[in-house]
Amino acid sequence: MPGGASGHAEKVNQTPAIQLTDLRKSFGSLQAVNGVSLTIQPGEVVALLGPNGAGKSTTIDLALGLAHPTAGTAALFGEQPRSAIEAGRVGAMLQGGALLPTLTVAQSVALVASAHRHPLSVAEALERARCTEIARQKVSKLSGGQMQRARFAVAVVSNPDLLFLDEPTAAMDVEARRTFWQSMREFTDEGRTVVFATHYLDEADAYADRIVMLSKGRIVADGTPNEVKAVVSGRRIRASAEFAWSAAVEESLLRLPGVRSLDHRGDQFTIVSDDSDATLRSLLATHDDIHDIEVTAHTMDDAFLALTEGSAALATSDDQTAALAAAADDTPAPATTAVPETTLANGATR
C-alpha cells in the first residue's frame, strides 16, 4: 500500500511531537496567546477547548509556523515547524483552508500529494476521508459537510505523523460527524498524533485522550477528560415530585446533607450535591412521593463553564494545579519560521 502505515513506528520516536515553550502572541493591545507551554507526545489525541477568542486557532497557527510569536518557541518533532512540514510529517485542516473551486476533489488531493515525498495514493486518501463518492465533484459544488471531508482528504494525503484539525466537523450533520470520527479513529489507531480544536464538547469527551482548555490565551486545565470533569465536584440528582411545591419544601430539601444548590421547574427538581449517596438516602427517607430519579455526574459542559468563566480563580488553586497542570519540558525549542503556503498539506492560502 503506497505510503501506508508500514514503517510508521520507525519514523515516530520519543521526541515530543509538539513542544511549545512560553508562547505569546499579541495583536496590538490584545494578548491572544499568553505564556502557553505545552508538550504533546507521539500518539496522543489532544482536544483544544475554549470559548471564542480563547486563543485556540492562534496557538495552532503558531505551532505550524503560520504566525510569528511575539515571544516563545515552537517545535514539531524537535525541528522547526517548517522543516517538519516540508518533510511531510505534518498535515493540517484549518478554518481558513481554501481549495481551488475549479478542481474536482480528486484533483485537489492529487495536487497536494504531488508536493510531498511519500504521500498516500490519492485513492487511499479519498477512502480515508470518506470522499470516494464525491471524488469527481468540483469543489465549487460541494456542500459544507462535503467540503470538510475534502479538506480532511487533502490534510491526510501527505501521510503525516501529526495532524492539526481546527473545527473539523463544522457544517457537518450528526451522521457526517459520526462518519468523520470513525475515519479519524482509523488514523489515530496507527499511532499518529492528532490535535483538534472544537466547540463540540461531546466530541472532545468521546475522542480525546487529553484535553487542554484555554481561556484568555492561557491554559486553565490540562488532563484526561475525566480529570477535567472532576474539577466540578458533586453530582446531580434529578427527580419528579408528586407533592405541591412550597417555600417549606424547598427549605427542607436544601437542609438535606450534602446539598449545594436546588433548582425547581414544574414537577421536577434538580439537586447538586457534594455527597449524592447521603443526599439520596435522606431524600428517600423523608419523601416517598418522588419518582423517575436520576443521578448523574457533571458533564464536560459543566467543567468548561467552571474553568473558563472562573479561570482567574482557578489559576490560583494549588489543588487544581497539581491535578491538571501538564509537565512541560523546559528545554528551549528552535525558533519558528514562516511556512511557505505550498508545503502545508491543507490547501490553505494564509
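**Surface, core and salt bridges in a predicted model**

Colleague: What is the relative accessible area of I293?

Modeller: In this predicted model, where residues are numbered from 1 along each chain as its sequence is written, local features need pLDDT of at least 70, side-chain atom pairs count only at pLDDT 80 or more, and totals for chains, interfaces and linings use all residues. Side-chain values use heavy atoms, leaving out hydrogens and water. Buried means under 20% relative accessible area and exposed over 50%, with partly exposed in between (1.4 Å probe, protein chains only). I293 is partly exposed, because its relative accessible area is 33%.

Colleague: Which residues touch the most other members of the largest nonpolar core?

Modeller: A nonpolar core is a set of buried Ala, Val, Leu, Ile, Met, Phe, Trp, Tyr and Cys residues joined through side-chain atoms within 4.5 Å. The largest such core has 49 residues, and those touching the most other members are F152, L163, L165, M184, I211 and M213.

Colleague: How far apart are the closest N and O atoms of R178 and E175?

Modeller: R178 is partly exposed at 41%, and E175 is partly exposed at 43%. The two form a salt bridge, that is, a side-chain nitrogen of Lys or Arg within 4 Å of a carboxyl oxygen of Asp or Glu, with their closest N and O atoms apart by 2.4 Å.

Colleague: Which residue meets R260 in a salt bridge?

Modeller: R260 is partly exposed, with 41% relative accessibility. Its side chain takes part in a salt bridge of 2.5 Å, N to O, and the partner is D274.
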